Amino acid sequence: MENIRHPALFLLLTVCTVPACSLWDGIRQHGIPSSLLQQTATPTSEDTALLGYVQRLETRPDDSDALLQIGKIHEGRGNHELARTAFSMAYQQTPDNTEVQEHLGLIELEMKNWKEAGRYLSPLAGPAQTNWRVLNGMGLMEDHQGHHQEAQAYFRRALAARPEHAQILCNLGYSQYLDGHPDEAILSLDRAIALAPHLEQAWLDKGFILAQQDRYDASLEAFLHALAPADAHNNLGYILMKKGHMDMAREHLERAIELSPVYHQLANENLQHLRSLAW
């Protein structure tokens, strides 16, 4: 590998796996935590493909397609930094390649680099655009900026292209909640759940919104579709504490500790905080 002309290619060859995880911080977790890189026990077909693309770049340093494919492999594995490196290098080679621009914009969005994501996605989101990934990404950016009506317009355009895409419906529902329309939000989330009953984010968002409507039994039931019982009670207890319902919060936090097979750190921390407020 001594003849590689791209210093970053050593990074792009990194082989790793990323454990799947789903987090909820008591309100809503949009991000994905930084992953730990670890070597795979045996080479996979993707590893072989990765090596092949790097070998192509040894002889053709301006092969933007090879860089794009390297980025896609790392994107699929959740290696966002490595994917962004590959997509950025491809973009430098072919700035007019809309597929490269799309992937670079979406990976910046995944990493919550909102300004950079907008730089790449906004030029692609004209009235004729039907790429649901681009439109969904624009919706997420508009929501982040507090432009909820604009966000919902993008989500609806994305749904016109992919009418039965549960995650887009989930995003639409949460945007409707942010826009002050919780009942519409629940309807959108229920549509998402009907299409994808195991979509955890839809259940979590529904549980949170129901709790904001003081529908605590229904909220707990929604949380239980996505979380272990101890975590579901902890989430509801946290929300109740934030809403000032201390006795109900204590009941659910103590239930979370009781149900947990191991020390439930979050529930204990929330309970200690609640007790400090009571003094």
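**Accessibility, salt bridges and a helix crossing**

Visitor: Why is Lys243 called partly exposed?

Guide: In this predicted model, Lys243 has a relative accessibility of 28%. Buried would need under 20% and exposed over 50%, so Lys243 counts as partly exposed.

Visitor: What makes the pair Lys243 and Asp214 a salt bridge?

Guide: The N to O separation of their side chains is 2.7 Å. The cut-off is 4 Å, between a nitrogen of Lys or Arg and a carboxyl oxygen of Asp or Glu, so the pair qualifies. Lys243 sits in the loop between α13 and α14, and Asp214 in the loop between α11 and α12, 29 residues apart.

Visitor: Is Glu258 buried or exposed, and how do you know?

Guide: Glu258 has a relative accessible area of 58%. The limit for exposed is over 50%, so Glu258 is exposed. Its salt-bridge partner is Arg255, with the closest N and O atoms 2.8 Å apart. Both residues lie in helix α14, 3 residues apart, about one turn of the helix. Arg255, at 32%, is partly exposed.

Visitor: Why do Arg56 and Asp65 count as a salt bridge?

Guide: Their N to O distance is 3.4 Å, and the definition asks for within 4 Å, so they meet it. Arg56 and Asp65 also belong to a network of salt bridges with Arg60 and Asp63.

Visitor: What makes the contact of α5 with α7 5 nonpolar, 1 polar and 2 charged?

Guide: The contact is made by Glu102, Leu106 and Leu109 of α5 and Arg133, Val134, Gly137, Leu140 and Met141 of α7. Glu and Arg count as charged, Gly as polar, and Leu, Val and Met as nonpolar, therefore the residues divide that way.

Technical notes
Residues are numbered from 1 along each chain as its sequence is written. This is a predicted model: local features need pLDDT of at least 70, side-chain atom pairs count only at pLDDT 80 or more; totals for chains, interfaces and linings use all residues. Side-chain values use heavy atoms; hydrogens and water are left out. Contact means heavy atoms within 4.5 Å. Helices (H or I, at least four residues) and strands (E, at least two) are DSSP runs, numbered from the N terminus. Buried means under 20% relative accessible area, exposed over 50%, partly exposed in between (1.4 Å probe, protein chains only).
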